[in-house]
Amino acid sequence: MIGIDLELTGCTVLIAGSKSGSNKAVKRFKSQGATVLTAQEPFTAIQLLEQASLLVICDAEPERFASVTQASRIPVMHLEPTSQTGSITLLGGGPGALDLLTLRGVHALADAEVIFADRLGPAEHLPLLAPQAKIIDVGKLPGHHKLTQREIEAQMIETARGGANVVRLKGGDPFVFGRGYEEITAATAAGIPAATAAGIPVNVIPGLSSCLTVPAVAGIPVTARGINTMFTVVSAHDPLTDIQLEHLSKLGGSIVILMGMGTIEQTVAGLHRVGMDGQMPCAIIESGTTQKQRTSYTQLDKLAQTARGHSNPAVIVIGEVAGLPAALASIAVQDEPGLLAPQLEVA
């Protein structure tokens, strides 16, 4: 794949093919530091061969350039030409750390022409991952949206209809509280004639969700044999009802809360009302998997107070498993007095 397998800086690349069919290849090679020559007809391509160190055939009828390939004394690469209609890839970027982005995701970004990026996930690394792409920041902050959800969807469809390879980059996994299904529906549903008339291909690339990865990097297993047999992931963007909280507390499993910092006081008060023990272990992991990660281990009756010292993005874990890192540190110190225990911030 260009940008991953080839070192192109300083190379002169000859791209043979129609202007419309080779425009993506031209942009991609230029973004990788190559000098690009183009030829729309075989005669012109033969005239330019001596100036190039790599020949790329990128045309809907590659056999037109058979004579150029035969005359070439340099490496030859064949690429699919640009289609009339682009595509949309819904990409889960993972919890934030660059090396937790999947390899399939890296490839998708390397091929992207336009990226609609959220503020979470590996967005800050896009200049490295997709130097060829136009990046549109559609990240949402509490109470402030650069674009509404409907506006994002409309712009994605319009851009893909224009022939661009569009990537919608979202933090975590696009189908875990990520509104990904809404965006897929907008690009494919019968109620959107503009999308269906264009026949836009839609692809989904899953990402590592913060509901699993962020507790893990804090040393918290969401399930542990002998402690619990289930965990529940909830969005607390809006306060949970007492009925919901009562069901959660009676399950006896771990509760992993996303988008819950703004409603944490209501959550804690509600769990107290439905009878959860105030000594229940809890944890808050802020900016998990990144260099800014900060974790506090506490208990339910101190959770709201502890949360005041943290900010979004953060994952909240409530349940016996949240006390395991401290227990593990205690065992390590007892067994190996000279061994440094994990750094725990206990509230």
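**Figure 1. The largest pocket of this predicted model.** About 1,500 Å³ of space lies in the largest pocket. On a 1 Å grid over the protein atoms alone, a pocket is an open set of points where a 1.4 Å probe fits, with protein on both sides within 12 Å along at least five of seven lines. Lining residues have an atom within 4 Å of a point. Grid points are joined across faces, edges and corners, and the volume is the space filled by probe spheres set on the points. The lining has 50 residues, and the closest to the pocket centre are Arg119, Leu120, Lys140, Met259 and Pro313. The elements that give two or more residues to the lining are β8 (140-141), β10 (165-170), α9 (210-217), β14 and β16. Helices (H or I, at least four residues) and strands (E, at least two) are DSSP runs, numbered from the N terminus. Residues are numbered from 1 along each chain as its sequence is written. In this predicted model, local features need pLDDT of at least 70, side-chain atom pairs count only at pLDDT 80 or more, totals for chains, interfaces and linings use all residues, and side-chain values use heavy atoms, with hydrogens and water left out.

**Figure 2. Backbone features at Pro313, Met259 and Arg179.** Most residues other than glycine have a negative phi, and most peptide bonds are trans. The peptide bond from Asn312 to Pro313 is cis, with omega near -5 degrees. Pro313 sits in the loop between α12 and β16. Met259 has a positive phi of about 55 degrees. Its loop joins β13 and α11 (264-273). Met259 is partly exposed, at 39% relative accessibility. (Buried means under 20% relative accessible area, exposed over 50%, partly exposed in between, with a 1.4 Å probe and protein chains only.) Arg179 also has a positive phi, of about 60 degrees. Arg179 lies in the loop between β10 and α7 (180-188). At 38%, Arg179 is partly exposed.

**Figure 3. A mixed sheet of five strands.** The open sheet has the order β12-β13-β16-β14-β15. Two strands pair if DSSP finds at least two bridges between them. β12 (231-235) and β15 (294-299) stand at the edges with a single partner strand each, so one side of each lacks a neighbour in the sheet. Neighbouring strands are turned by 15 degrees against each other on average, direction ignored. (Axes are lines fitted to C-alpha atoms, for helices over the stretch in contact, and angles run from 0 to 180 degrees between N-to-C directions.) Five bridges join β14 (residues 281-286) to β16 (residues 314-318), and these strands run antiparallel. Ile284 has Ile316 of β16 as its bridge partner. Helix α12 (residues 300-307) lies across β14, β15 and β16, at about 145 degrees to β15.

**Figure 4. Ser254 in strand β13.** Strand β13 covers residues 254-258. Ser254 is buried, with a relative accessible area of 2%. Leaving out residues up to four places away in sequence, Ser254 touches Val222, Asn228, Met230, Phe231, Thr232, Ile318 and Val321. (Contact means heavy atoms within 4.5 Å.)

**Figure 5. A parallel sheet of five strands.** This open sheet has the order β7-β6-β10-β5-β11. β7 (134-137) and β11 (202-205) stand at the edges, each with a single partner strand. On average, neighbouring strands are turned by 20 degrees against each other, direction ignored. Six bridges join β5 (residues 87-92) to β10. The bridge partner of Leu90 in β10 is Arg168.
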